[in-house]
Amino acid sequence: MPKPRPSRPPAPTPAPPELIRLVEENWPLIQWKEAVNNEAWRLVRAGGGNRCGAEQYNAARRSLIEQGVLPPPGFPKDRY
């Protein structure tokens, strides 16, 4: 005789409203950092490398800006 199906685990608790608000406010910055990271690794892999450092991230920022992908408003100018 087959074993009975295990019961379902309890539903996760909802995220606190403060955390939701924090993520929503910082979402453009999160997306920009993810785009820079992806571009940096794309450039490194295209060059045949496998290490990514500050120079590669700076090159990725410049590359994205040259492509027209600008950082979110309020992003410090000295960071790109």
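**View 1. Ser63, a buried residue of helix α2 in a predicted model.** With a relative accessibility of 15%, Ser63 counts as buried (under 20% relative accessible area, with exposed over 50% and partly exposed in between; 1.4 Å probe, protein chains only). Ser63 is placed in helix α2, residues 54-66; helices are DSSP runs of H or I with at least four residues, numbered from the N terminus. Not counting residues up to four places away in sequence, Ser63 touches Glu39 and Leu43, contact meaning heavy atoms within 4.5 Å. The model is predicted, so that local features need pLDDT of at least 70 and side-chain atom pairs count only at pLDDT 80 or more, whereas totals for chains, interfaces and linings use all residues. Residues are numbered from 1 along each chain as its sequence is written, and side-chain values use heavy atoms, with hydrogens and water left out.

**View 2. Glu39 of helix α1.** Glu39 has 7% relative accessibility and therefore counts as buried. Leaving aside neighbours within four places in sequence, Glu39 is in contact with Ala60, Ser63, Leu64 and Gln67.

**View 3. The crossing of helices α1 and α2.** The axes of α1 (residues 17-46) and α2 come within 8 Å and cross at roughly 110 degrees; axes are lines fitted to C-alpha atoms, for helices over the stretch in contact, and angles run from 0 to 180 degrees between N-to-C directions. Helix α1 is therefore roughly perpendicular to α2 (65 to 115 degrees). Among the residues making the contact are Trp32, Glu39 and Leu43 of α1 and Tyr57, Ser63 and Ile65 of α2. By class, the contact has twelve nonpolar, three polar and two charged residues; Ala, Val, Leu, Ile, Met, Phe, Trp, Tyr, Cys and Pro count as nonpolar, Asp, Glu, Lys and Arg as charged, and the others, Gly among them, as polar.

Notes: Helices (H or I, at least four residues) and strands (E, at least two) are DSSP runs, numbered from the N terminus. Angles under 35 degrees count as roughly parallel, over 145 as roughly antiparallel, 65 to 115 as roughly perpendicular and the rest as oblique.
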